[in-house]
Amino acid sequence: TELSARTVPVLAVAGGADPVVRAAQVDALAARLPSCRVAVVPDARHLVMADAAREFNLLLGAFLARTELD
């Protein structure tokens, strides 16, 4: 199925210093998912949840709270 047909909320968290996944790739994914939010953690690398655990958890918590309210 086409990604644009998906209606579930999506959070794409990217590391600003990620050597594997580039910002353009994250933006391309978000463009194909109508309900996608993108968050970039500037100093994190590929494993954002390990490199910036506090920031990741705050982003995820806020996203889940917003999703719960919708």
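1. Helices (H or I, at least four residues) and strands (E, at least two) are taken here as DSSP runs, numbered from the N terminus. On that basis valine 20 sits in the loop between E1 and H1, and aspartate 18 lies in the loop between E1 and H1 as well.

2. The model is predicted: local features need pLDDT of at least 70, side-chain atom pairs count only at pLDDT 80 or more, and totals for chains, interfaces and linings use all residues. Residues are numbered from 1 along each chain as its sequence is written, and side-chain values use heavy atoms, with hydrogens and water left out.

3. The protein chain has three helices and two strands. Read from the N terminus, the order of elements is β-α-β-α-α. The C-alpha trace spans about 30 × 25 × 15 Å along its principal axes.

4. Strands E1 (residues 10-15) and E2 (residues 36-41) run parallel and are joined by six bridges; pairing requires that DSSP find at least two bridges between two strands. In E2, cysteine 36 is opposite valine 10.

5. Aspartate 18 is buried, at a relative accessible area of 7% (buried means under 20%, exposed over 50%, partly exposed in between, with a 1.4 Å probe and protein chains only). Beyond its neighbours within four places in sequence, aspartate 18 is in contact with Ala44, Arg45 and His46, contact meaning heavy atoms within 4.5 Å.

6. Valine 20 counts as exposed because its relative accessibility is 52%. Neighbours within four places in sequence aside, valine 20 is in contact with Gln25 and His46. Valine 20 and leucine 69 lie 34 Å apart, C-alpha to C-alpha, and 49 residues apart in sequence.

7. For the chain as a whole, 21% of the 70 residues are buried. Of the contacts between residues at least 6 apart in sequence, 78% join residues at least 24 apart. The chain exposes about 4,900 Å², and carbon and sulfur atoms supply 58% of that area; accessible areas come from the Shrake-Rupley method with a 1.4 Å probe.
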